[in-house]
Amino acid sequence: MFSAPWSDAVRLLVATTNPNKIREIQGMLEGLDIDLIGLRDVPPVDEPEEMGVTFAANARDKARYYARATGLLAVAEDSGLIIDALGGEPGVHSARYGGRDAPDYPAKFALIYDRLAACGGLRSPARFVCALAVASGDLVLFESYGVIEGRIADAPGGNQGFGYDPIFFYPPLGRTLAEIDTSDKAAISHRGQAFRRLRTFLESSCPDHEDGQV
């Protein structure tokens with residue numbers, strides 16, 4: 001039987017400084033009796049070097065790192081865009097793709113479209129992946145995974161999302177993820193899938209859980 005590493009209230013550190021991710025996650029865990037905080041809410045901690053070759057490995061490493069550094073229950077996720085025509089790029093390097101030559105996402109988009117045009121891969125199949133891990137100290141308590149399939153859009157579109165959302169076209173809705181309302185995006189997205197599984201874990205593992213509440 002799983003023994004949860006908490007007693008009364010659940011304080012959960014989300015290992016990100018990205019306010020967009022925090023807002024998305026708050027919506028996904030809304031209704032749970034959890035004190036959800038981000039890295040901006042704790043004393044500064046140096047970022048770990050991401051050495052994993054998979055999203056899951058990076059998520060585990062980050063969750064353990066921040067759990068040890070803060071003494072808190074920590075959840076970390078590693079997510080990114082995989083483009084078939086680019087051999088899986090940007091993949092685990094999504095946040096750093098293009099280096100100094102692509103310091104922001106519009107520059108990353110331009111780099112991707114240039115490379116796709118060069119290889120004849122415009123409209124390439126693509127997918128977003130999210131791996132999630134929860135840790136207490138060195139112990140990984142929970143892991144989940146989410147994937148959404150689509151393709152690269154003809155051109156960037158929308159301002160609802162963040163990151164690579166404007167260039168990820170989701171055929172069932174005929175729009176990019178950045179053209180989809182936040183709640184609708186959460187229902188289908190890679191991150192939404194992973195965090196819904198986390199929600200189920202927290203509902204079943206937190207103290208005083210009753211009728212779907214923690």
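Reader: In the hairpin of E4 and E5, which residue takes a positive phi, and how many residues are there between the strands?

Author: Gly137 takes a positive phi near 60 degrees, and the hairpin has 2 residues between its strands. The model is a predicted one, in which local features need pLDDT of at least 70 and side-chain atom pairs count only at pLDDT 80 or more, while totals for chains, interfaces and linings use all residues. Residues are numbered from 1 along each chain as its sequence is written, and side-chain values use heavy atoms, with hydrogens and water left out.

Strands (E, at least two residues) and helices (H or I, at least four) are DSSP runs numbered from the N terminus. E4 and E5 run antiparallel and are joined by 12 bridges; two strands pair if DSSP finds at least two bridges between them. Across this pairing, Phe128 stands opposite Ile148 in E5. E5 (residues 139-152) also runs antiparallel to E6 (residues 168-170), with 2 bridges joining them. There, Arg151 stands opposite Phe169 in E6.

These strands belong to an open sheet of 7 strands with mixed pairing, in the order E2-E1-E3-E4-E5-E6-E7. E2 (34-38) and E7 (175-176) stand at the edges with a single partner strand each, so one side of each has no neighbour in the sheet.

Next come the helices that lie across the sheet. H5 lies across E1, E2, E3, E4 (125-136) and E5, and runs at about 155 degrees to E5. H1 lies across E1 (10-14), E2 and E3 (73-83), at about 170 degrees to E2. Such angles run from 0 to 180 degrees between N-to-C directions, and axes are lines fitted to C-alpha atoms, for helices over the stretch in contact.

H1 (residues 19-28) and H5 (residues 190-205) also pack against each other, with axes 10 Å apart and an angle of about 45 degrees. That makes H1 oblique to H5, a word for angles that are not under 35 degrees (roughly parallel), over 145 (roughly antiparallel) or 65 to 115 (roughly perpendicular). Lys21, Glu24, Ile25 and Met28 of H1 make the contact with Arg191, Gly192, Phe195 and Arg199 of H5; contact means heavy atoms within 4.5 Å.

Glu24, which has its place in H1, is buried, with a relative accessible area of 9%. Buried means under 20%, exposed over 50%, and partly exposed in between (1.4 Å probe, protein chains only). Not counting residues up to four places away in sequence, Glu24 touches Phe162, Lys185 and Arg191.
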